[in-house]
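Here's a quick tour of how this chain is put together. Have a look at the model first, then read on.

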Amino acid sequence: MISLLIVDDEKIIRMGLHSVIERQFPHLFNYRFAENGQEALELLRQEPADIMFTDIRMPIMDGIELLEQLQDQPVKPEVILLSGYNEFAYAQKAIRCAVKDYLVKPVMREELFAVLGQLMRDIRMREERADKTGEDAGLVAAELVTQHLTQKDLGDAISQNKLKQAGYSWLDAGYTLGLLRRSGGGSQPSSTDAASFRNQIAELLQGHMDWMLTRDGEGGTIMIAHDPVLFYQLAERWRMNVHESQLRIAISESVQGIEQIRRAYSQAKQTLKYSIVLPELDVLEYTSISERNERYVVPVELIQRLSNLMGMGRGNEMKQLLDQILDVRIISCCEIGYLERISQLLNEELFDKVFRIYGNRVLGLLSRYAYVGHIGNFDRYEHYYATVEQLLDSLDRFIQDRREQAPPTEQNTMQKVLAYLQTHYADDLNMAVVSNHFSLNYSYFSHAFQEYSGESFSNYVRRLRLDKAKELLVHSDMKVYEISDQVGFENVKHFMKIFKETEGITALEFRSQRRLFDDNSSEA
């Protein structure tokens with residue numbers, strides 16, 4: 001496993017990074033934590049780390065001093081600097097200390113995953129180079145192909161000469177690239193596992209001509225063959241000889257020349273994603289998925305409604321919504337990006353939201369379902385659906401339990417508050433007005449409301465108003481400024497700004513997309 005050290009004086013940041021990373025890359029990292037630079041330095045002296053995230057501003061020893069102290073260490077981790085202060089002076093110091101990257105809080109998950117992905121590729125490349133014993137022409141050629149995939153400045157002419165010298169001139173006549181994966185291989189294999197896997201494949205291909213095996217720099221195994229029929233023959237031999245797992249192969253179109261290797265790899269990588277919805281196929285062809293339907297609109301509103309029901313004890317309604325969101329009839333004929341976007345929104349709008357509200361109290365539950373964070377961790381769509389359903393049910397019961405632990409008088413009062421907001425959302429509301437209306441202390445009301453509803457008062461009112469606005473956008477022909485006024489926003493400019501920030505599109509775009517989605521659903 002890859003050793004990862006997270007250094008931050010705020011426990012919620014340490015646990016938040018752990019939760020987000022583990023859900024995207026389950027069972028890949030061995031985590032350690034430190035509250036300041038001095039504690040981190042002691043941990044690193046006991047055992048080195050492969051990767052370290054560290055905050056800049058911490059008590060006792062800050063992040064910059066930690067980096068300076070590390071320069072004297074014989075083994076240093078790859079460092080990603082975290083800071084809530086986007087100041088160039090810090091970045092300059094970090095660069096002098098050979099920091100790998102610099103992320104500004106709040107860290108965007110896409111940036112975090114991109115940095116981790118590149119670091120893991122670098123670590124695996126070093127591991128595989130270290131494991132290599134003796135190089136022949138075939139190994140040189142395989143390494144050359146991997147370099148072409150991971151580097152952009154290799155000369156095609158030089159590569160072609162080396163490939164011809166190694167006996168791979170058949171690449172110029174045409175070839176198909178395949179990505180190979182064993183079932184259950186959603187998590188990244190170690191370099192030793194990957195090498196063993198390639199050895200198994202090589203044994204099954206003995207006696208065949210014009211093929212090669214290599215790696216992609218991301219832990220994946222690549223096979224290149226002059227004749228695409230060889231992939232089907234390999235799948236058949238695997239079925240006959242290896243019974244404990246299924247071999248999944250995603251193949252590109254036929255291309256010619258080393259300069260087409262990145263295009264072929266991109267096609268195979270995209271095709272492999274479809275294994276979750278096509279589990280019965282051992283070999284998936286890019287040509288069979290390249291024309292898939294892209295007309296369906298992601299059901300953003302349904303996901304928001306599902307989020308609103310969390311903790312309300314309305315399990316049947318949640319199940320019905322989940323059936324609509326993850327409708328297998330639509331997903332089975334759609335481009336895979338549709339399912340990827342739904343998975344992303346479920347993470348952000350439901351699971352991340354619960355963690356933001358309840359923090360460490362729900363971390364254990366979320367950690368048990370960490371692998372649900374990415375569809376690539378599943379071999380079959382029904383397994384993904386079942387896991388999402390189980391997690392939603394567990395979170396629903398968790399939130400209900402939190403509410404039931406509140407004193408009966410508090411529960412009754414909060415129920416009245418929510419009922420009041422449902423009918424007065426368009427009024428000039430703030431927490432002081434509502435707490436006074438119910439004769440409650442302002443600070444007590446703030447805490448009790450968040451515990452009961454699962455979100456802050458301001459977020460709840462804003463979401464309630466937006467939900468009402470979305471209903472009017474879809475089911476009425478009112479103008480945007482009329483809707484803004486009717487649901488309680490101070491002015492249409494503020495409404496349009498909040499709507500775009502929350503939904504990612506304008507109110508008019510939402511109206512158009514939602515009506516198109518309804519039309520498509522009725523046609524299906």
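## Overall make-up

The protein has 24 helices and 10 strands, where helices (H or I, at least four residues) and strands (E, at least two) are DSSP runs numbered from the N terminus. Keep in mind that this is a predicted model, with local features needing pLDDT of at least 70 and side-chain atom pairs counting only at pLDDT 80 or more, while totals for chains, interfaces and linings use all residues. Residues are numbered from 1 along each chain as its sequence is written, and side-chain values use heavy atoms, leaving out hydrogens and water.

Of the 524 residues, 50% count as buried, meaning under 20% relative accessible area with a 1.4 Å probe, protein chains only. Take the contacts (heavy atoms within 4.5 Å) between residues at least 6 apart in sequence: 69% of them join residues at least 24 apart.

## The five-stranded sheet

Five strands make an open, parallel sheet in the order β2-β1-β3-β4-β5; two strands pair if DSSP finds at least two bridges between them. β2 and β5 (101-104) sit at the edges, each pairing on one side only. On average, neighbouring strands are turned by 20° against each other, direction ignored.

Zoom in on β1 (residues 2-7) and β2 (residues 29-34), and you'll find a parallel pairing over six bridges. Leu4 has Tyr31 of β2 as its bridge partner. To get from β1 to β2 the chain passes through helix α1 (residues 11-24), in a right-handed β-α-β crossover. Right-handed here means that, with the strands pointing away from the viewer, the path from the first strand over the helix to the second runs clockwise.

## Helices on the sheet

Helix α3 (residues 63-70) lies across β3 and β4 (78-83), running at about 145° to β3. Axes are lines fitted to C-alpha atoms, for helices over the stretch in contact, and angles run from 0 to 180 degrees between N-to-C directions.

What about α12 (residues 300-309) and α21 (residues 457-475)? They pack at about 145°, with axes 12 Å apart. On the α12 side, the contact uses Glu301, Gln304 and Asn308, and on the α21 side Arg463, Asp467, Lys470 and Val474.
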